[in-house]
Amino acid sequence: MTGSITGATAVAGVAGSPIAHSLSPLIQNAWIRAAGFDAVYVAFSPPADRFSHFAEGLRGGTIRGLNVTLPFKEAALGVADKVGERAELAGAANLLIFNEDGSITADNVDGLGLLGALAAQAPGFDPKAGPAVVLGAGGAARGAAAALVMAGAPEVRIVNRTQARAEVVAGSVGGGAQAYPQDAAARAFDGANVLINATSAGIAGDDALILPLEATPAGAVIMDMTYKPLVTPFLEQARRLGRRTVDGLEMLIRQAGPSFEAFYGRPPPAGVDVRGLCIARLEAWSS
Ligand code: NDP
């Protein structure tokens, strides 16, 4: 926001539940301020069963667009008139654009965030160079697997506690993805180019994921999509083994850039330390 809010202020936001601890308003408003736009980015928390009513009411350019997070990513796909290939393959949307003609366009830029984070924190990483392993079978895992298939990973292996769910994800993302039970993780890790934790294990603080990361090759890149804490026990284990690691905060920031561009038609301004702002906010919350 550049100053006081006026009748001309452009509005965009993020919808989720819960949403109070989203870092997206911090990131987007820092870029808006630096760009000098008359715009504001706010958080919305519609009731769990009312997302489609909420989104329908925004048709016609009331707001520029919405990022969408848990638990509304599948519902977001359902309200859209036009669905991009990335959202189609991921089976979920994390970005809705409200066009002036009243239509809604759905996209999924989580995959761009994932690949952007890998490129930023593991320079030289090439998704085509070998098998990718995704842990989990929820929306995040499906999005990650879809992005890796689209980026040309020669093989995608889905490892999940509930194997039946891994099979559903493997079947839906194409590219010959294979499902593995969690007790066969060492076999899935063998020869991996990249290993991505897309489970929610450890978020409650009492059930961190303990897996045989030593079965990955020394050159494997290991990433955790969870970013609270920034360095998760999973990433600590990977670092102790000497693997290159990538954190989930970088993914969040890297998906925010294409979202900003979709809202305002230009990329975010350079030179804003949004990562530093986010880390300071995460530290304040954990203290
Ligand atoms: P879901 O709830 O849809 O899926 C959770 C997955 O985690 C399931 O596959 C579940 O297995 C697995 N799981 C949960 N607990 C355990 C455990 N103790 N041991 C083994 N597996 C477990 O969540 P999402 O897919 O939506 O999100 C997953 C994570 O990704 C979240 O932490 C989310 O914050 C993060 N995320 C980060 C983003 C970023 O930009 N950094 C973007 C999107 C998501 P099962 O099927 O057996 O129940």
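The legends below describe close-up views of a predicted model.

**Figure 1. The two domains of the chain.**
The domain assignment divides the chain into domain 1 (10-108 + 252-286) and domain 2 (111-246). Domain 1 is therefore written as two stretches of sequence, while domain 2 is written as one. Between the C-alpha centres of domain 1 and domain 2 the distance is 25 Å. In the contact between them, 17 residues come from domain 1 and 17 residues from domain 2.

**Figure 2. The largest pocket.**
The volume of the largest pocket is about 1500 Å³. Its lining is made of 48 residues, and those nearest the centre of the pocket are Thr 69, Leu 70, Ala 140, Ser 200 and Ile 203. Two or more lining residues come from each of β3, α3, α6, β8 and α10. Helix α10 supplies the largest share, which is four residues. Sorted by class, the lining of the largest pocket has 22 nonpolar, 19 polar and seven charged residues. Domain 1 and domain 2 each provide at least three residues of this lining.

**Figure 3. The largest cavity.**
One cavity of 30 Å³ or more is present in the structure. The largest cavity has a volume of about 80 Å³. It is lined by 13 residues, and Asp 110, Gly 139, Ala 140, Gly 143 and Ala 144 are the closest to its centre. Helices α5 (110-121) and α6 (139-150) each give at least two residues to the lining of the largest cavity. The most, four residues, come from α6. The lining of the largest cavity consists of seven nonpolar, four polar and two charged residues. At least three of the lining residues belong to domain 1, and at least three belong to domain 2. Ala 140 is listed among the residues closest to the centre of the largest cavity, and Ala 140 is also listed among those nearest the centre of the largest pocket.

Helix α7 covers residues 163-173, and its buried residues include Ala 166, Val 169, Ala 170 and Val 173. Viewed down the helix axis, the buried residues of α7 fall within an arc of 100°, so they line one face of the helix. Ala 164, Val 168 and Gly 171, on the other side of α7, are exposed. What do the buried residues of α7 pack against? Their partners are α4 (85-90), α6, β8 (156-160) and β9 (178-181). After α7 comes Gly 174, which has a positive phi, near 75°.

**Figure 4. Two cis peptide bonds.**
Ser 17 and Pro 18 are joined by a cis peptide bond with an omega of about 5°. Pro 18 sits in the loop between β1 (10-15) and α1 (24-35). Another cis peptide bond joins Leu 70 and Pro 71, where omega is about 0°. Pro 71 belongs to the loop between β3 (65-68) and α3 (73-79).

**Figure 5. Ser 259 in helix α10.**
Ser 259 is part of helix α10, which spans residues 248-264. Is Ser 259 buried or exposed? Ser 259 counts as buried because its relative accessibility is 0%, and the cut-off for buried is under 20%. Leaving out residues up to four places away in sequence, Ser 259 touches Gln 28, Asn 67, Leu 95 and Val 109.

**Figure 6. Ala 270 in a loop.**
Ala 270 lies in the loop between α10 and α11 (274-286). Ala 270 counts as exposed because its relative accessibility is 77%, and the cut-off for exposed is over 50%. Ala 270 and Ala 35 are 235 residues apart along the chain, yet their C-alpha atoms are separated by 9.2 Å.

**Figure 7. Lys 128 and its contacts.**
Lys 128 is located in the loop between α5 and β7 (132-135). With a relative accessible area of 57%, Lys 128 is exposed. Which residues is Lys 128 in contact with, leaving aside neighbours within four places in sequence? The contacts of Lys 128 are Ala 151, Gly 152 and Pro 154. The C-alpha atoms of Lys 128 and Met 150 are separated by 10 Å, and these two residues are 22 residues apart along the chain.

Technical notes
Residues are numbered from 1 along each chain as its sequence is written. This is a predicted model: local features need pLDDT of at least 70, side-chain atom pairs count only at pLDDT 80 or more; totals for chains, interfaces and linings use all residues. Side-chain values use heavy atoms; hydrogens and water are left out. On a 1 Å grid over the protein atoms alone, a cavity is a set of points where a 1.4 Å probe fits but cannot get out, and a pocket is an open set with protein on both sides within 12 Å along at least five of seven lines; lining residues have an atom within 4 Å of a point. Grid points are joined across faces, edges and corners, and a volume is the space filled by probe spheres set on the points. Ala, Val, Leu, Ile, Met, Phe, Trp, Tyr, Cys and Pro count as nonpolar, Asp, Glu, Lys and Arg as charged, and the others, Gly among them, as polar. Buried means under 20% relative accessible area, exposed over 50%, partly exposed in between (1.4 Å probe, protein chains only). The arc is that of the directions from the helix axis to the C-beta atoms. Contact means heavy atoms within 4.5 Å.
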